[in-house]
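The points below may be read alongside the sequence and the model.

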Amino acid sequence: MNPPRIPVSTYRVQFNRNFTFLQAAELVPYLAELGISHCYASPYLRARPGSMHGYDIVDHHQLNPEIGTLEEYDEFVAALHQHGMGQILDVVPNHMGIMGSDNAWWLDVLENGEASAYADFFDIDWYPLKHELQGKVLVPVLGDQYGIILDRAELRLTFDQKRGEFSIHYFKHRFPVNPREYARILSFRLDALEQRLGADNENLLELQSLISAFNHLPGREETAPEKRAERLRDKEIHKRRLAALCARSGDVTQFLEQVVEKMNGNASNSGSFDALHELIKAQAYRLAYWRVAADDINYRRFFDVNDLAALRQENENVFNQTHELVLQLLRERKIDGLRIDHPDGLYNPQQYFKRLQCGGDSSGGEDCGAKRHYIVAEKILTSEETIPEDWPIEGTTGYNFSNLVNGLFVDTANERKMDRIYRLFIGEHTDFKELVYQCKKLVMDRSLNSELNVMANHLSRIALADRHTCDFTLKSLRDALTEIVACFPVYRTYVTEQHISASDRAYINEAVSCAKAKSQAVESSVYDFIGEILLTSRLDGRPQYYQCSVSHFAMRFQQYTSALLAKGLEDTSFYRYNRLISLNEVGGDPLRFGITAEEFHGKMEHVAQRWPNEILATSTHDSKRSEDVRARINVLSEMPLAWHRHVRGWRKLNRDKKTLSNGIEAPAANDEYLLYQTLIGTWPFGTGARDPGENFIERICDFMRKAIREAKEKTNWANPNQDYESAVLRFVKSVLESEEFRDIFLPFQRKAAYFGMLNSLSQTLIKLTAPGVPDIYRGNELWEFSLVDPDNRRPVGYNARRRALQLLKTTFESNHQATGPKARELAQNMEDGRIKLYTLWRVLGLRKHRPALFREGEYIPLRATGEKAKHVVAFARKGVDGVLITAVPRLCAELLGGKLNLLDNRSIWGDTRIELLPALETRFENLLTGELVESERYGNIASIPLTRLYANFPVALLI
């Protein structure tokens, strides 16, 4: 077996109809020149037509035709291999795109219900408490109440003559008719056809035979293998017979057209839809108003997205069917590894990862379950949480690193000041932990209520099975469950039938204790009961069915808590709590106001020992704000008094631009505070600096609309408050178009932008040299001031980036002796972004030249001493093929007293120096400037003074 090919670096590419395999193939030479080893591809299996992200897959056995053909895909792979590159593919195991008319598995479930061969593929509760839904799946797709939609004649019965199939259509959505109900349609006013053709007509007799045949199909509730096979076989035979009959008999075809027209009713007569209504009622689905989903939906979704239905990867057949093509690409070495999307949505992630490493071989080989493939997981870690040790993967996709390195550039000393400024501006104190708790309860009530009902019903059945717990009412169980979920401290635990870890036990106990403390109920034993169920501690001596039910509940519970925290924290709380929005990032904690260099080193040492090959990201497609936006906003933490003075001035200046919306001032102070930070982070360089233009204004308006909807306070996605939204957008436009505002805003913003560039360069060099695999998100090799999706999916100007890289290579490779002055020129013109591209190019080249140093090299924290010690982060990497030292400045606004002169301000460092360990060399070359750097003896320790280290370039990499 070949060992997994570990990437040296990755570059994220977003495939869609506007960026295809052929375009990616054209990009490969540029990525190779930049120093990238692997293209990190977004999902490109067949997705819903028009999908811009690929996470709504409808067919796992095909490539997305909008992205390219198999031949074009092979051209892309060949281009990668020709340039010594590989590919990591983003895989989506948790869910599929449904609705529309594209997903054959889902359509089969709608047609055949529980008898479908794919009924067990989706996570459907076929027997909820609501009697009307038993044996059916709720399809919340209608734009209004079902009866209203029906009376508008928007639900239409259709007949496909070539396939012999009946369907119900609602605009772009197709809902197959249960074949057993074909008899109802074919029999509708059949006497009229008989009178016209005569009782002995062979076509009429064939039609009557088909009515009988369809009527005798096994029912959709019959799931015995032989009955299921009979139904699936015979329904297709009968459809072909019907198609053949229509092909040879114009009379039958005309009759069916008339039947369809009659059953479709007339919008002027509500009673004319009775027959169609009865037909719809007889199906394996219940068509419903989309708002019904929150309370009644009975299939598990990706979060609260009705169009994405969850898959049951614990079912081995589902795994094999959904991964056949992906595993084939791995075997053929067309891809080298996998990025697994949302593993917290899986029933048993450890089992899933093991199956992946086994390549779908359930028999298990000698090394089955070992790390045979490079796999990273999109696992979001909170606080001190770690990845389960039994997962056979290389680590996470980098959210934890992104937040960790970002924290280095937030001044921890000013937390109280920033807290007070925020409180004074919005006029109230916000308890973030209580806010998250309340937001989780809000999401449970508005969006994920149906899933909670399913769990409560399951829990009730468990309680009723034991005489010691049978008195717990459904309401008491549901209320207690709600509190425990709202108190849950992490995304999820990983309890299985066989194992519960000490950390998972602690998380469950913490949630139960928190829920009991918040409860108003007199009787608290129900909380203890639920805690015991979640810990699977009530199993000894119990019947097998009881043990299975408890284990199943505990594992289903985990899938729910992960979805709820994502919606309650990332998609609600992060848009309400705006103290310092650069901290409001996926995997981040807004209460963790920066970190020290020592804390960073401790985390990196752990990564080097345990997860040396995980992804290091600073921007992703899920980022709320790009790395360069966060780097600017972080600067505010260094100059709170100046920020306070300016933000108060802006509010005073713009007060007359506000309007009243239903008696409420719009925008609210919290939304206005968000806007000003957003403008600090996104204001463009170059020609747009003075007047950003309509495109920028539109982008900010789009972001603000999304932000206030996600916050779910004054408006939301389900019930947009058009008055408030319009008032906010008018305010944004009038502020941005105000020359007076720009005159007082831009001087402060430009200062934040300068220090933001220094922050960004520092975090870039750290990412490139820390333990792990650095990832560059599309376009971020130059300055990129993007906001949350869809803003961060805008087209990338690759031609400009190619030209910039080619010019850099020509400039620096022509005369190595002049590297210092040329590097200084880049540093003196940072706004054009070449300095970031240059840093990436030089260091990625070093990574390709010395891969072992970065993959296996020891991580050695280096101590800084002197009066400005807190303003530098330094570490060494030491391996068999050499040593390097990374030394970057931090908190430069405070360091320089707000002056924009890092290069020409050597004296600012005073006696600050970096101490070297005895095992390290004493003479180095700065890779980025070509300068020789020699250590000095300071007492008995060799050290590098900082007075000359940044004379020509803002960051240093010594080799």
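How many nonpolar, polar and charged residues does the lining of the second largest pocket have?

1. The model is a predicted one. In answer to the question, the second largest pocket is lined by 24 nonpolar, 12 polar and 11 charged residues. The space in this pocket comes to about 1,200 Å³. Its lining consists of 47 residues, of which T382, S383, E384, P489 and D589 are the closest to the centre. Two or more lining residues come from each of the helices α14 (399-407), α16 (432-446), α18 (474-487), α19 (502-518), α21 and α22 (597-610).

2. Helix α22 also holds K603. With a relative accessibility of 26%, K603 is classed as partly exposed, because that class covers values between 20% and 50%. Apart from neighbours within four places in sequence, the contacts of K603 are S383, E384, L404 and R592. Of these, S383 and E384 are also listed among the residues closest to the centre of the second largest pocket. T496 stands 107 residues from K603 along the chain, and 28 Å separates the C-alpha atoms of the two residues.

3. The structure contains 8 cavities of 30 Å³ or more. At least two lining residues are supplied by each of β4 (57-63), β5 (86-91) and α12 (316-331).

4. Helix α20 (residues 525-534) meets helix α21 (residues 544-570) at an angle of about 95 degrees, and their axes are 8 Å apart. The two helices are therefore roughly perpendicular, since this term applies to angles of 65 to 115 degrees. On the α20 side the contact is formed by F529, I533 and L534, and on the α21 side by Y546, V550, F553, A554 and F557. The residues of this contact comprise 8 nonpolar, no polar and no charged.

5. K235 lies in helix α8 (residues 225-248). Is K235 buried or exposed? Its relative accessible area is 3%, so K235 counts as buried, the limit for that class being under 20%. Setting aside residues up to four places away in sequence, K235 is in contact with D108, E111, N112, P179, F214 and L217.

6. Most residues other than glycine have a negative phi, and most peptide bonds are trans. R333, in the loop between α12 and β14 (337-340), has a positive phi near 60 degrees. H342, in the loop between β14 and α13 (349-357), has a positive phi near 45 degrees. R333 is partly exposed at 38% relative accessibility, whereas H342 is buried at 11%.

7. Two cis peptide bonds may be noted as well. One runs from A666 to P667, with omega near 0 degrees, and P667 belongs to the loop between β19 (664-666) and α25 (669-682). Another runs from D789 to P790, with omega near 10 degrees; P790 is in the loop between β20 (773-777) and α29 (798-814).

Terms used. Residues are numbered from 1 along each chain as its sequence is written. This is a predicted model: local features need pLDDT of at least 70, side-chain atom pairs count only at pLDDT 80 or more; totals for chains, interfaces and linings use all residues. Side-chain values use heavy atoms; hydrogens and water are left out. On a 1 Å grid over the protein atoms alone, a cavity is a set of points where a 1.4 Å probe fits but cannot get out, and a pocket is an open set with protein on both sides within 12 Å along at least five of seven lines; lining residues have an atom within 4 Å of a point. Grid points are joined across faces, edges and corners, and a volume is the space filled by probe spheres set on the points. Helices (H or I, at least four residues) and strands (E, at least two) are DSSP runs, numbered from the N terminus. Buried means under 20% relative accessible area, exposed over 50%, partly exposed in between (1.4 Å probe, protein chains only). Contact means heavy atoms within 4.5 Å. Axes are lines fitted to C-alpha atoms, for helices over the stretch in contact, and angles run from 0 to 180 degrees between N-to-C directions. Angles under 35 degrees count as roughly parallel, over 145 as roughly antiparallel, 65 to 115 as roughly perpendicular and the rest as oblique. Ala, Val, Leu, Ile, Met, Phe, Trp, Tyr, Cys and Pro count as nonpolar, Asp, Glu, Lys and Arg as charged, and the others, Gly among them, as polar.
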